[in-house]
Amino acid sequence: MNGTAGWALGRLRFIAAKEINAAYVDGRLSPRDILVTDGVPAEVPFVAGIVAMTPATPNSHVAILSQASGIPFGCVGRASGTAPMSEP
């Protein structure tokens, strides 16, 4: 899992990447929530944590913004063409 270190406590809320801003504005997503999304968001809303279901590097825009804001961020996808990690 790539991203920024930390831990978060909150309600997991799946919001499609294209709906993040609207969900934050209309209250479906709040600062107490952990955002689970199908893409890497371009902007980081003020939430308890972010989990992206697509790969991102530690130098990605969202990782840097998350780290600067103190928001734990991780991604659980892997780039195409890469092998999954194996147990030793």
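A crossover is right-handed if, with the strands pointing away from the viewer, the path from the first strand over the helix to the second runs clockwise. Select β2 (residues 11-14), α1 (20-26) and β3 (33-37): together they form a right-handed β-α-β unit. Helices (H or I, at least four residues) and strands (E, at least two) are DSSP runs, numbered from the N terminus.

The model is predicted: local features need pLDDT of at least 70 and side-chain atom pairs count only at pLDDT 80 or more, while totals for chains, interfaces and linings use all residues. Residues are numbered from 1 along each chain as its sequence is written, and side-chain values use heavy atoms, with hydrogens and water left out.

Next, display β3 with its neighbours. Strands pair if DSSP finds at least two bridges between them. β2 and β3 pair in the parallel sense over four bridges, with Arg13 opposite Leu35. β3 also pairs with β4 (49-52) in the parallel sense over four bridges, and here Thr37 stands opposite Ala52.

Now show the side chains of β3. Asp33, Leu35 and Thr37 point one way and Ile34 and Val36 the other; five of its five residues are buried (under 20% relative accessible area, 1.4 Å probe, protein chains only).

Move to the loop between α1 and β3 and select Ser30. Ser30 is buried, with a relative accessible area of 12%. Beyond residues up to four places away in sequence, Ser30 touches Tyr24, Phe46 and Val47 (contact: heavy atoms within 4.5 Å).

Technical notes: Buried < 20%, exposed > 50% of the residue type's maximum accessible area, 1.4 Å probe, protein only.
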